[in-house]
Amino acid sequence: MMRTGGNVAIISRLGRVVTGQSRAFGKKAKKGQQQQHEEEAVPMKAVSRPAAPPPVPKYAVDGSKLDSGSATGGGSCSPKETGVVMAEAVSEATLKQVLSEAADGKTDDDLFRALTTANADGPVSLRVSAVTPSTAIAILEACAIKRVRSFPDLARISAILLRPGNPRMTAEEATSLLRLYTFMGSINEPLALACANSVVPLLPQMSWHDIAAVARDMARHRARPRTFFDIILTRAATEIGAIDSKDIFSLWHTMCYLRIPCPEEDRGRLADEVVKRAREGTADLEDIIDAAYACSMMSLQALKEGGYQHRTLRPLVEQIIACLEAGGIGDSWFVEHRAAHRRLLLVRAHLRYCLREDLYVPLSENAKMALRRVHRIDVEADRAVEKYPEDAHPLRLPKSITQLSLILRKLKVAHFVRARRGPFTFDILERDRRLIWECNNFDRYYGSSFDKLATRRLEERILKAMGYRIVQVPFWHWRRVTLKSRRIDMIRMSRFIALRDFRERHMAQGDADQYSDPTKVGGPRFDPRRMYFLC
């Protein structure tokens, strides 16, 4: 039997081991106790935490560039000047982030403080503010200089600025935004209409140069504000003699491009003034070609029944031929002015195929030879002409064109993508038949409508007169049909109808314009708006 005293001793030792008071460790136990007393004697000031670092700016700004732009770096600098400084002091990647943040409705206060005060080392607040027209102009000006753009972000910025309840933009802010959107290639009809509403009260005081520039921007955004153009025509009726020649030709091109209904008296007055300036020699050849091209964009009904083919188009063409025969206009001039060369070729094709008996046949042989010589100038000699989707264009092809090309390949239809033939560039051109496929996106229509642009109508009129068949694939039909099998069936049926339909034979003789008066030929059942559309 175990004695009771031994159990008590064992229990007391275990208690001391648990509480850390065991004497079995000897010197090690004493050393640990000394270290514990030293740690308790350290004052609290020695273990205090360091202070937090100052906040860092969200965007990096190059201070040396701000110094070089300190002349414009005052607090009262304009948004355009702020944008120029931003383009110099901010990298391209940072500018993309700033544009994306502006699309969310926010701008960084520290960035704009550094740009406007030319001081990148100031205090950092990390605050954001709502996007205003002035900050949007500064950001877009920098993006235009740096060639940075994002179409979804641009659309969201304009939607934020035009949101109901926001302060109305001034005329200067609206015109600046419209100019930047035009330069960056973004079509935005609501912004153009807002600009027109802001500019309308100031039209009686604006110069004709500014009026012509704003009207041209309206045309680029496919906007047709009736009140804006009515005021311009009313003012031009009394001041037409004081308008500069370039502004006259610009207004004439805008009116013909937008096909705005206006009184025949106002249109005729403007057309007569264009012909008068062309004969006086106050306009250069590029403006005269632009005016003839604009006159060709009018409907055949207006050209023939309105008398504009003899009243306006013939004098302009005669003046162009006189400039070509006089000399001084060589191949190098057309190489430098490629847009004028393409427009002159379209005017010549329009005369040959649509107005042949009225205007082209009466021309002299020398005049025809001069126009033929212009047609043979190869302004694209230094460029490769690609025919297939992989190398068809330096930019990415629209998705609808690529999808349609794949369907035609599946149907064993040989074709070229983005084929160039003279002044024309076809979306898809079949190789063995005179059949053209047009993938009509929203940019080929006027804003908030299904009316095709006058330029596209002119090209279709010429091509149909040349004997081509056109299959039009509008975007609102293509997007609604999502199944590949359904798209294949629609393309097959549309191609069959286009090849077997002979209702447009009259277009080869230029008898009528399908967009002006379709009842002249084909009978009452003829409805050209339904032709070659995917149903």
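Trainee: Why is Arg156 called partly exposed?

Mentor: Arg156 has a relative accessible area of 40%. Buried means under 20% relative accessible area, exposed over 50%, and partly exposed in between (1.4 Å probe, protein chains only). Arg156 is therefore partly exposed. Before we continue, note that this is a predicted model, in which local features need pLDDT of at least 70 and side-chain atom pairs count only at pLDDT 80 or more, while totals for chains, interfaces and linings use all residues. Residues are numbered from 1 along each chain as its sequence is written, and side-chain values use heavy atoms, with hydrogens and water left out.

Trainee: What makes the pair Asp104 and Arg156 a salt bridge?

Mentor: A salt bridge is a side-chain nitrogen of Lys or Arg within 4 Å of a carboxyl oxygen of Asp or Glu. The closest N and O atoms of Asp104 and Arg156 are 2.5 Å apart, so the pair qualifies. Asp104 lies in the loop between helix 5 (92-103) and strand 1 (106-108) and Arg156 in helix 8 (residues 151-161), so the bridge ties together parts that are 52 residues apart in sequence. Helices (H or I, at least four residues) and strands (E, at least two) are DSSP runs, numbered from the N terminus. Asp104 is partly exposed, with a relative accessible area of 45%. The structure holds 25 salt bridges.

Trainee: Which residue forms a salt bridge with Glu459?

Mentor: Arg342 does, the closest N and O atoms being 2.7 Å apart. Glu459 lies in helix 23 (residues 454-465) and Arg342 in helix 19 (residues 338-353), so the pair ties together parts that are 117 residues apart in sequence. Glu459 has 8% relative accessibility and therefore counts as buried, whereas Arg342, at 31%, is partly exposed.

Trainee: How do you know that Glu438 and Arg456 meet in a salt bridge?

Mentor: Their N to O distance is 3.5 Å. This pair links distant parts of the chain, with Glu438 in strand 5 (residues 435-440) and Arg456 in helix 23, 18 residues apart. Both partners are buried. A network of salt bridges links Arg342, Glu438, Lys452, Arg456, Glu459 and Glu460.

Trainee: Why is helix 23 described as largely enclosed by the rest of the structure?

Mentor: Because 12 of the 12 residues of helix 23 are buried, the description holds.

Trainee: How do you know that the span of helix 23 agrees with expectation?

Mentor: The expected span of a helix is 1.5 Å times one less than its number of residues. For the 12 residues of helix 23 that should give 16 Å; the end C-alpha atoms are 17 Å apart, which agrees. Gly467, which follows helix 23, has a positive phi, near 100°.

Trainee: What makes the pair Thr182 and His221 a polar contact?

Mentor: A polar contact is a pair of N or O atoms within 3.5 Å; within protein, one must be able to donate a hydrogen and the other to accept it, and residues adjacent in sequence count only if both atoms are side-chain atoms. The side chains of Thr182 and His221 make such a contact at 2.8 Å. Thr182 lies in helix 9 (residues 171-183) and, at 18% relative accessibility, counts as buried.

Trainee: Which residues have the most contacts inside the largest nonpolar core?

Mentor: They are Leu177, Met218, Phe228, Phe229 and Trp252, in a core of 128 residues. A nonpolar core is a set of buried Ala, Val, Leu, Ile, Met, Phe, Trp, Tyr and Cys residues joined through side-chain atoms within 4.5 Å. Apart from it lies another core, of 17 residues, among them Leu408 and Trp478.

Trainee: Over which residues does the pLDDT fall below 50?

Mentor: One such stretch is residues 384-393. The pLDDT, the predictor's confidence in each residue from 0 to 100, also stays under 50 over residues 508-535. Where pLDDT is low, the predicted coordinates should not be read in detail. The protein averages a pLDDT of 83, and 80% of the residues score at least 70.

Note on methods
Contact means heavy atoms within 4.5 Å.
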